[in-house]
Amino acid sequence: MDSQRVHGTPHQRGVDNEEGEKVFGNILAELESVDLPLGTTLRSIYDDQPNAHIRFMEKLDARIRNHDREIEKMCNFHHQGFVDAITELLKVRTDAEKLMGQVTDTNRRLQEAGREVTAQTGEVIRCRSQQRNMATTVEKLQLCIPVLQMYSKLKEQLESKRYYAALKTMEQLEKIYIPRVSQYRFCQIMAENLPRLREEIKEISMSDLKDFLESIRKHSDKVGETAMRQAQQHRTFNSAVAKQASVGHYAKPLYSLNWQTHTRNILMTEDDDDADEEILTAQDLVDFSPVYRCLHIYAVLGDRETFENYYRKQRKKQARLVLQPQANTHETVEGYRRYFNQIVGFFVVEDHILHATQGLVTRAFTDELWNMALSKIIAVLRTHSSYCEDPDLVLELKNLIVIFADTLQGFGFSVNRLFDLLFEVRDQYNETLLKKWALVFREIFELDNYSPIPVETEDEYKLVVSRFPFHDAEIEKQDFPKKLPMSQSVPQIYMQVKEFIYASLKFSESLHRSSTEIDDMLRKSTNLLLTRTLSSCLQNLIKKPHIGLTELVQIIINTTHLEQACRYLEEFITNITNVSPETVHTTRLYGLSTFKDARHAAEGEIYTKLNQKIDEFIQLADYEWSMAESDGRASGYLMDLINFLRSTFQVFTHLPGKVAQTACMSACKHLSTSLMQMLLDTELKQISMGAIQQFNLDVIQCELFASSEPVPGFQGDTLQLAFIDLRQLLDLFMVWDWSTYLADYGQPTSKYLRVNPATALTLLEKMKDTSKKNNIFSQFRKNDRDKQKLIETVVKQLRSLVNGMSS
């Protein structure tokens, strides 16, 4: 069982042998194939069955023997052919040796012949190599030569300061030429050197820009002067055309003939100058190439914004320097002219830069600079013009401001605020004019002789009438020589007022204002001259101590004629401006009120001085208050006073209206009051009846003077009523009519109605004290002692009346 289990049955062993033969056959076939790996095949032999390798070896040996037999058969089959081939080879051997000898000999001869060819061939190869090297060198040089040429061109451009072209050349070198030969060291050096050259160009161009900025700062004055001169010529030409048009269309010229002639002369002179002088522009005076170059350079370098910011910053700094005036600018017109020239030059340059470059400066930037400058200019002009006391300088300043504004307006800058400023300057100009004319008026008044103007011939008369609108039919009928009622100051004042109007009109020129506005300005400034300056001068003149009554009378006459001439001043202004006085809102001249006020002041001063003169005469009075009886004639001082009044009132006959009558009445009242105060003076303690009689003689002379009608026009005894208080008082004491006074006191029909009890009491007490001391009333005591008691009774009754009045 065990053997069968191990080896199997015979049938099984047969089957196994057949399968083994088949397997081993496949293995051998695999071994004979060179495509399969042997390791796997051999492993399968040992892994298949136990002792399989022995059987495989046996099978392998059988296969080897089989192959050997096949080889042997094949060799036997080809052996005869091999023997034949060997035999043939042996036959060929002799020929081969012979051929070998011939080949060797041929080789030897060939070597000897080719040795020279070989040497020449080497030379040819060497030459061909050199030729290739030269061609390569030429090719490379052709690539390098444009680079070197461009670099040489760059150096020439730098030396000739053509920096913008140099930058373009650098750009071509970097983008086109150097990349072609970048492998060469010299090109690398060039490429490394270009940034340094760019920086040098930036520094040089910036230095040129700084020089340019410094240059235009120095040349701004000349640029501005040229621009303003051209603007002035243009304005003068337009003004002349406008005046010629006004002469052709209007009967009344806008300005006087002398002004037109002066303007034509100016135009002719300027035309001659223009013919000889070429019109220059900012570009003719300033070389702008540095700023263009620098702008292009920075644009090419891609740093344009930095350049723009730097330029604008520097120009702002320069603007602030330009706008700062010199300390003595306000002293002369040349100071203002230089100031305006620099500003105009600055903005003319900026305007040129604005239009000649694209974006270096913008309109917004220039407008910002101009607004800043305008505020500074206005502040400077306000400050400096306030220091100016010369109207001619203020007028020159106004003309400069107008030309300055017109010039910048022509370059597109807004100048409305400057024209608004001119209205402030106009007020300053009017103030300086008023101060100047105040001096003129004072000088005229100081040099006036305050006497009527004598005219010897008709030519003299016409000369006066041509200067002052005087018309009087009666005087015109008189024969020469004759006198005009006003003094020489009247035509002088009238002419000076017209000169003031002309001077005020000069400021209104070129202000771009309508005739109505100019008319209004002229009238307002003339009103200021009349109501403030002339009125003040007249008031001061009237108050001067050396001005006497004769001068005051002449001043009143003068103001009357000046008042009448005001309507001619109105017509004068109308002729200048061509604005009808009936136009709505037309300002009227206030000269009438001015001269009326001056006349009233003069009249009041006449009354005051007349009274002062009366007081001077009264102070000369030297009464002997204790005299026993009068001298029988009036006091000397009073007669002198009356003679003075008579001569004075004769002069007053020339006064207009009721001035003479008022002055006469005022003088008589003041004289009466002064005499009354003399009697009632508290320092006068005693008075005699003789003094009363002497005083009565003086009052009689006053009454006679009043009744002689020293000034015509009084009705009845109106002037004598000025002395009625004195007359009734003196009559009461002279007649000693106390019973009538006391009985009729308070009655409208009383004979002594104007006698005040207090006045009578004061005078009576002074007489009472005198009778006690000097025994003046001794005759009464001898004849009738009861009269003393009567005086005492009268005193008591007067005191009771006085007490009754006060209670």
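The model is predicted, so local features need pLDDT of at least 70 and side-chain atom pairs count only at pLDDT 80 or more, while totals for chains, interfaces and linings use all residues. Residues are numbered from 1 along each chain as its sequence is written, and side-chain values use heavy atoms, with hydrogens and water left out.

Let's start with the rings. A search of the whole structure turns up 29 aromatic pairs. Rings of Phe, Tyr and Trp (its six-membered ring) pair if their centres lie within 6.5 Å; planes under 30 degrees apart count as stacked, over 60 as edge-to-face and the rest as tilted. Take Phe347 and Phe413: their ring centres are 5.3 Å apart and the planes meet at 70 degrees, so this pair is edge-to-face. Phe347 belongs to helix H11 (residues 333-356), whereas Phe413 is in the loop between helix H13 (391-410) and helix H14 (416-447), so the pair ties together parts that are 66 residues apart in sequence. Helices (H or I, at least four residues) and strands (E, at least two) are DSSP runs, numbered from the N terminus. Both Phe347 and Phe413 are buried, where buried means under 20% relative accessible area, exposed over 50%, and partly exposed in between (1.4 Å probe, protein chains only).

Now compare Tyr429 and Phe507. Here the centres are 5.1 Å apart with the planes at 25 degrees, so the pair is stacked. Tyr429 sits in helix H14 and Phe507 in helix H17 (residues 489-508), so this contact ties together parts that are 78 residues apart in sequence. Tyr429 is buried at 2% relative accessible area, and Phe507 is buried too, at 1%.

Ring pairs link Tyr339, Phe340, Phe346, Phe347, Trp370, Phe404 and Phe413 into a cluster.

The charged end of Arg180 sits over the ring of Tyr177, 5.3 Å from its centre, and Arg312 lies over the face of Phe365, at 5.4 Å from the ring centre. To count, NZ of Lys or CZ of Arg has to be within 6 Å of the ring centre and within 35 degrees of the ring normal.

What about the surface? Phe82, Val83, Ile86, Leu89 and Leu90 make a nonpolar patch of about 480 Å². One of these residues, Leu89, is in helix H4 (residues 52-159), and Leu89 is exposed, with a relative accessible area of 55%.

How many disulfides does the structure hold? The count is 0, with a disulfide taken as a pair of cysteine sulfur atoms within 2.5 Å. As for individual cysteines, Cys294 is buried at 0% relative accessibility, and Cys566 is buried at 5%.

Finally, the backbone. The peptide bond from Phe480 to Pro481 is cis, with omega near -5 degrees; Pro481 is found in the loop between helix H16 (473-477) and strand S2 (482-484). Glu709 is not a glycine, yet its phi is positive, near 55 degrees. Glu709 lies in the loop between helix H24 (689-707) and helix H25 (724-735) and is partly exposed, at 42% relative accessibility. Trp736 also has a positive phi, of about 60 degrees. Trp736 is in the loop between H25 and helix H26 (738-744), and at 26% relative accessibility Trp736 counts as partly exposed.

Technical notes: Patch = residues over 30% accessible without salt bridge, like charges linked within 9 Å, V, L, I, M, F, W, Y side chains within 5 Å. Areas by Shrake-Rupley, 256 points an atom, 1.4 Å probe, with all protein chains shown as cover. Salt bridge = Lys/Arg side-chain N within 4 Å of Asp/Glu carboxyl O.
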